[in-house]
Amino acid sequence: MLRELAKGIGARGYPTSQGSSDLRDSAAAWLQRRFGVTISSNDVAACIGTKEFVGTLAGYLHLRTPERDTVLYPAISYPTYAMGATLAGLRPVPVKMRDGRLDLASIDAEDVARALVLWANSPSNPTGYLDDLEAIAEWGRRHGVPVASDECYAEFTWAGAPRSILEHGSAGVLAVHSCSKRSNLAGMRAGFYAGDEELVGYLKLVRQHAASWCPRRYRRRSPSPSTMTSTSTSNASATAIV
């Protein structure tokens, strides 16, 4: 074992929070092949699956823009968008849906002014509807609101090719991808985010200091090993090493 460990370059050190250069290069190359998107690997970073990223993004963005306190998300959607706001002590505000799409015109002007981020999800979980990612990106840029596009179901469209918000430019947007759904590899806890140069750079900077993020302060007591499911064990371990 010692001989094998001696062969590993960096095997005994902490892994980089942003992911290895090989991983980021591979993710950028995949975005190019799958969506025709050209993006620098410097504007890509890894995450422990995407659930931890979804659940912590609002808190990190609030550190960057403390005068804003609102997270906008689809009214019919994955619950962690709203929970991420709640865990950070922020305002989760659902956005109405019209024909399966975000009804951007329905968002109150005060909520727009206070918005830290707008979450988009296309194809939608749980409805399967496709949204207009170009219109969402343009809305975000017009109002100065970062858009986070959860694209973990991008491969599962009923018709047409997979789509990414990055096809409409990277300014002001983040695309979030995971192996959990697309590759049926949830146990790997492998995901990445890519997009706006400044946003990705900021998140890489703050996330490298989040090794102790595991929210023990929110748990009254840890479950005993006999009662922990394989999912809860995996998530707890993944959170602990963010």
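A polar contact is a pair of N or O atoms within 3.5 Å, and within protein one of them must be able to donate a hydrogen while the other can accept it. Keep that in mind for the first view, and remember throughout that this is a predicted model.

**View 1. His177 and its polar partner, Glu151.** Here we zoom in on His177, which sits in strand β8. Its side chain makes a polar contact with the side chain of Glu151, at 2.8 Å. Is His177 buried or exposed? His177 has a relative accessible area of 1%, so it counts as buried. Leaving aside residues up to four places away in sequence, His177 touches a whole list of others, including Thr50, Ala154, Ser164, Arg182 and Gly191.

**View 2. Trp30, Phe35 and Phe192 form one aromatic cluster.** A quick tip for reading this one: a pair of aromatic rings is described by the distance of the centres and the angle of the planes. The structure holds six aromatic pairs. One of them joins Trp30 and Phe35, edge-to-face, with 5.4 Å from centre to centre and 90 degrees between the planes. Trp30 and Phe35 are both buried. Trp30 also pairs with Phe192, again edge-to-face, this time at 6.3 Å centre to centre and 80 degrees between the planes. Which parts of the chain does this pair link? Trp30 belongs to helix α2 and Phe192 to strand β9, distant parts of the chain that are 162 residues apart. Like Trp30, Phe192 is buried.

**View 3. The largest nonpolar core has 31 residues.** As a rule, in soluble globular proteins, nonpolar side chains tend to be buried together. Among the members of this core, Leu31, Leu118 and Leu166 touch the most other members. Elements that give two or more residues to the core are the helices α2 (21-35) and α6 (133-143), along with strands β3 (91-95), β6 (115-121), β8 (173-178) and β9 (190-195). Which element gives the most? That's α2, with five residues.

**View 4. A closer look at Leu118 and its contacts.** Not counting residues up to four places away in sequence, Leu118 touches Leu72, Val95, Leu102 and Leu104, as well as Ile136 and Trp139. Val145, Pro146, Val147 and Ala148 complete the list of its contacts.

Note on methods:
Residues numbered from 1 in each chain as written. Predicted model: local features only at pLDDT ≥ 70, side-chain atom pairs only at ≥ 80, totals over all residues. Heavy atoms only, no water. Core = buried A, V, L, I, M, F, W, Y, C linked by side-chain atoms within 4.5 Å. Buried < 20%, exposed > 50% of the residue type's maximum accessible area, 1.4 Å probe, protein only. Helix = DSSP H or I, 4+ residues; strand = E, 2+ residues; numbered from the N terminus. Contact = heavy atoms within 4.5 Å. Phe/Tyr/Trp six-rings, centres within 6.5 Å; stacked < 30°, edge-to-face > 60°.
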